[in-house]
Amino acid sequence: MKSLNAFILCLLIFGSSHWSKAEGAKPNVLFIAIDDLNDWVGFMGGHPQARTPHMDALAKRARNFLNAHCAVPVCSASRASVISGVAATTHGSYELGPRYEQLPALKDVPTLQRYFKNNGYTTLSGGKVLHHDFNGRLAGDIDRSLGRKRSPRPKGSMSRPTSWSGAWDWGAYPKEDAEMADIQLAHNAAKALKEQFDKPFFMSVGFFRPHVPLFVPPKWFAQYEADKIALPNNPKSDLDDLPKNFLGINNYAVAPTHVEVVGAGKQRSLTHAYLASVTFVDHCVGIVLDALRNSRHADNTLIVLWSDHGFHLGEKQHWAKRTLWEESTRVPLLIAGPGVPSGKPCGEPVSLLDIYPTLVELCGLPKNNHLEGLSLVPQLKNPAARRDRPAITSSYFGNHSIRSRDWRLIVYEDGAQELYNHRNDPDEFRNLASDPARKKNRDELARWLPQSAAPEFKSKSERARARGN
Ligand SMILES: [Ca+2]
Ligand SMILES: [Ca+2]
């Protein structure tokens, strides 16, 4: 008995000292969120002219997840999903509101940043990480702010037809980079990376561009020749094979319709502004990555770079987000740092919900039982590691997309369906849902449809607004 006790004591001492050693070696995390960035980046090949040298260089030394999808294709709901690790079908936020802190289902779910803070990390955060504004749940989970400014806007409108939403404006403004909030944020992050920390850090950096309004300084517009910009292939008949109700969810919100954009002669100019904004934000990412590379933290910092959803610029005759098509659900997702071998990209279907459990595992934090995603550590070790679970995206209550390695199934609330074969139809032109020869593929994907979904949660004020009060 005595010797058993001594053995247990030995184990405890060894275990504890071993654990503290591992604790001391915990990697830092640099968490870079980009707003509304689609696959128009060099490392995803979504637009042949997109120039993103800094992110491309990161992709070369990262695991580049080429088949990554958001859980909800709209800002706040997607971010609430990433930062809680919980899907909209559980938390019930499918739009710009309600907010994380208003959702009863997330009441006891710690934000990713809070979870790291509770487990010995210093948390720093700047820019847009969770909501469009800077307050709310996340603010209390952050030890230090890296800045919360917004970029200046010109007086009046610059390029938009006056009938469009004020958010949908664009142009070469302001004159200098230094006036841009994203640049200031990048420099604040770079400055913080020069410091020594007594604990590992979790630094969140949330860039606003290429979210509308697409104002960036003239030098970024000058990166592209306006009259040579390629526009997406967009056959007129594409929408003929879609269920009639698809417009119901796809044309909600403030973005102009394709007919409005083309009718106003603005497609090329908007596309130019988006590409200019993408190259601008790439420059901001470069400032932060250069600072990290030249810092004492270079070898001990995990980098996660992601966007909250994709963005249509005319593909499938649609603008902006909220659809369940590839251009709206697919996002950049790069993970790099200690223990992540560089090399081949990963084509397995993954979800932004997977970021939280992946970071928990990579940093050796205790398991968080709220999380609904899967750790990507197997795919970080081996990009060919199979993953059976497809990426599931939900847009508004009852509409879901199931994206596997090669297929996408969309099922709307009323049962209408779309099915696409990505092996030979990456633009999702041919809806195969009614093809009897594809029944087996459809049924295999349909097994993954959520069996239940939380109704859209409405806060008290939203319910009052809906009643017209
Ligand atoms: Ca967004
Ligand atoms: Ca079609």
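Predicted model: local features only at pLDDT ≥ 70, side-chain atom pairs only at ≥ 80, totals over all residues.
Visitor: Is D238 buried or exposed?
Guide: D238 counts as buried, because its relative accessibility is 3% and the cut-off for buried is under 20%.

Visitor: And what about D241?
Guide: D241 is partly exposed, at a relative accessible area of 29%.

Visitor: Switching topic: in what order do the strands of the open sheet come?
Guide: The order is 14-15-16-17, four strands with antiparallel pairing.

Visitor: Which strands stand at the edges?
Guide: Strand 14 (391-394) and strand 17 (417-421) do. Each has a single partner strand, so one side of each has no neighbour in the sheet.

Visitor: How much are neighbouring strands turned against each other?
Guide: By 10° on average, ignoring direction.

Visitor: How many bridges are there between strand 14 and strand 15?
Guide: Four, with strand 15 covering residues 400-403 and the pairing antiparallel. To pick out one residue, S394 has H400 in strand 15 as its bridge partner.

Visitor: What holds paired strands together in general?
Guide: Strands of a sheet pair through backbone hydrogen bonds.

Visitor: Last one: which helix lies across strand 15, strand 16 and strand 17?
Guide: That's helix 14, residues 439-446. Helix 14 runs at about 70° to strand 16 (407-411).

Notes:
Residues numbered from 1 in each chain as written. Chains lettered and ligands numbered in written order. Heavy atoms only, no water. Buried < 20%, exposed > 50% of the residue type's maximum accessible area, 1.4 Å probe, protein only. Pairing = 2+ DSSP bridges. Helix = DSSP H or I, 4+ residues; strand = E, 2+ residues; numbered from the N terminus. Axes fitted to C-alpha atoms, helices over the stretch in contact; angles between N-to-C directions. Contact = heavy atoms within 4.5 Å.
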